[in-house]
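Let's walk through this model together, pocket by pocket, and then stop at a few backbone details.

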Amino acid sequence: MVNEKFKKLGTNRSAIRELFEYGKKLKEQIGEENVFDFSIGNPNVPAPTSVRESIYKNLNDNTVHAYTSAQGDVKVREKIASYDSAKFNLNLSADDIYLTSGAASALTIVFNAIYTKNAEYIVIRPYFPEYKLFIEASGGKCVEVDSDENFSLDVDKISAAITEKTRAIIINSPNNPTGTVYSKEQIFALCKMLSDKEKEFGGKIYLVSDEPYREITYGKEVVNPMCFYNDVITCYSFSKSLSLPGERIGYIAVSPKAEEKNDLYAAICGAGRALGYVCAPSLFQRVVADNYGKTSDISVYEKNRDLLYDSLTSYGYECVYPDGAFYLFVKSPGSGNSFFEECKKRAVLVAPSDDFGVKGYVRISYCVRTETIINALPIFEQIIKLFK
Ligand code: PLP
């Protein structure tokens with residue numbers, strides 16, 4: 001006998017992961033150059049050379065593979081705390097930072113740490129599909145709220161969805177899948193509304209800010225909500241900024257101004273322990289500390305964004321203009337999944353939007369070689385003609 005819920009999750013992978021696996025097989029069959037894989041956010045730009053140098057340097061120390069403190073090596077946490085404090089004008093200390101295996105485990109740990117009976121967690125549609133899974137696995141209920149017509153925050157709708165059971169709202173800017181970066185005014189309005197709601201209900205409503213794309217922005221400022229609200233928990237990842245998704249490294253930061261900060265941090269340590277994380281990968285704790293503040297060459301993504309956005313809109317596609325991350329959210333011409341199917345038939349792999357909680361769009365992940373985009377453009381041009 002096995003757990004049916006987990007069996008189902010393991011058998012039915014997410015549509016996006018399924019597509020990624022399909023793409024790998026297809027590449028073996030028809031050759032890598034004939035598959036245009038825009039399915040997942042696997043950065044194609046290499047990590048900076050200093051990452052490689054740091055790996056080699058740290059391998060010379062034979063203590064590098066040892067367990068670290070459960071919350072992460074104190075020197076690494078100090079580095080992150082002091083850098084982020086200076087950057088965002090905060091007062092973080094090492095004891096506000098908890099190192100994780102990427103943003104995925106950061107989110108799982110946080111949802112478990114703040115769970116109380118009947119907890120509700122608000123997510124903004126379209127949203128990263130794993131939020132729902134992580135929330136439900138922690139025992140919580142996922143409450144979906146639409147974004148506004150520009151795929152930005154609709155603070156009135158969020159406000160209307162808050163009840164005394166709301167434990168958190170999850171935001172993600174720059175956003176996967178739309179590339180939207182929330183403005184300072186919007187973050188401020190959200191924070192103000194949450195402060196009012198906390199007073200109204202007399203409990204804590206955490207703002208969980210999921211920030212794997214924080215540095216991947218093309219000119220628009222990415223605002224840190226810790227500057228405007230006390231009960232903020234940041235989930236960060238080095239998967240995208242340093243192109244290290246397979247190494248599984250990230251962190252949780254708890255706002256030093258959170259009223260229940262000590263309890264919250266203790267609950268995060270407890271959730272990490274109960275979920276069996278033990279500690280984040282120790283070699284990569286050191287590597288990210290050595291490289292903190294650096295990023296992979298983001299100019300490649302900007303070039304890809306411009307090429308893809310300008311070309312697709314010139315063919316007649318309706319696209320959300322992405323100010324950050326490396327995704328283009330495109331309205332599907334035609335009905336149902338027909339556009340997705342036409343793409344798939346031609347080995348152009350794009351993610352259907354259903355998993356993100358909305359219908360009628362596809363997500364094109366453009367963290368790929370620029371040639372992949374150049375070679376796929378004539379196919380996109382051809383496909384839209386089928387729907388005219
Ligand atoms: N949150 C968002 C919005 C993401 O897009 C991703 C990965 O694509 C994650 C979290 C998980 O990232 P990680 O690789 O750090 O677990």
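Helix α6 (130–137) contributes the most to the lining of the largest pocket, with 7 residues; helices here are DSSP runs of H or I with at least four residues, strands are runs of E with at least two, and both are numbered from the N terminus. This is a predicted model, in which local features need pLDDT of at least 70 and side-chain atom pairs count only at pLDDT 80 or more, while totals for chains, interfaces and linings use all residues. Residues are numbered from 1 along each chain as its sequence is written, and side-chain values use heavy atoms, with hydrogens and water left out.

A word on how such a pocket is found: on a 1 Å grid over the protein atoms alone, a pocket is an open set of points where a 1.4 Å probe fits, with protein on both sides within 12 Å along at least five of seven lines, and lining residues have an atom within 4 Å of a point. The largest pocket holds about 1200 Å³ of space, where grid points are joined across faces, edges and corners and the volume is the space filled by probe spheres set on the points. Its lining has 43 residues, of which S14, R17, F128, P129 and E130 are the closest to the centre. The elements that give two or more residues to this lining are α1 (4–11), α2 (15–30), α5 and α6. By class, the lining of the largest pocket divides into 20 nonpolar, 9 polar and 14 charged residues; Ala, Val, Leu, Ile, Met, Phe, Trp, Tyr, Cys and Pro count as nonpolar, Asp, Glu, Lys and Arg as charged, and the others, Gly among them, as polar.

Where does the ligand sit? The space it takes is the largest pocket, by the rule that more than half of a molecule's atoms lie within 2 Å of the grid points. There are 14 residues around the ligand, and A103, D210, Y213, S237 and R248 come nearest; to be near, a residue must have a heavy atom within 4 Å. Helix α5 (residues 102–113) supplies the largest share of this shell, 3 residues. The shell has 6 nonpolar, 5 polar and 3 charged residues.

Now for the polar contacts, meaning pairs of N or O atoms within 3.5 Å. A polar side-chain atom of S237 lies 2.6 Å from an oxygen atom of the ligand. For R248, a side-chain N or O atom is 2.7 Å from a ligand oxygen, and for K240 the distance is 2.9 Å. The protein covers 91% of the 390 Å² of accessible area that the ligand has on its own, as computed by the Shrake-Rupley method with a 1.4 Å probe.

The second largest pocket has a volume of about 410 Å³. Among its 17 lining residues, K27, E32, D37, N44 and V368 are the closest to its centre. Helix α2, strand β1 (36–37) and helix α13 (370–386) each supply at least two residues of that lining, and α13 gives the most, with 3 residues.

Finally, let's look at the backbone. Most residues other than glycine have a negative phi, and most peptide bonds are trans. The peptide bond from S173 to P174 is cis, with omega near -5°, and so is the bond from N176 to P177, with omega near 20°. P174 lies in the loop between β5 (166–171) and α8 (184–201), and P177 is placed in the loop between β5 and α8 as well. N118, in the loop between α5 and β3 (120–125), has a positive phi near 65°.

Terms used: A polar contact is a pair of N or O atoms within 3.5 Å; within protein, one must be able to donate a hydrogen and the other to accept it, and residues adjacent in sequence count only if both atoms are side-chain atoms.
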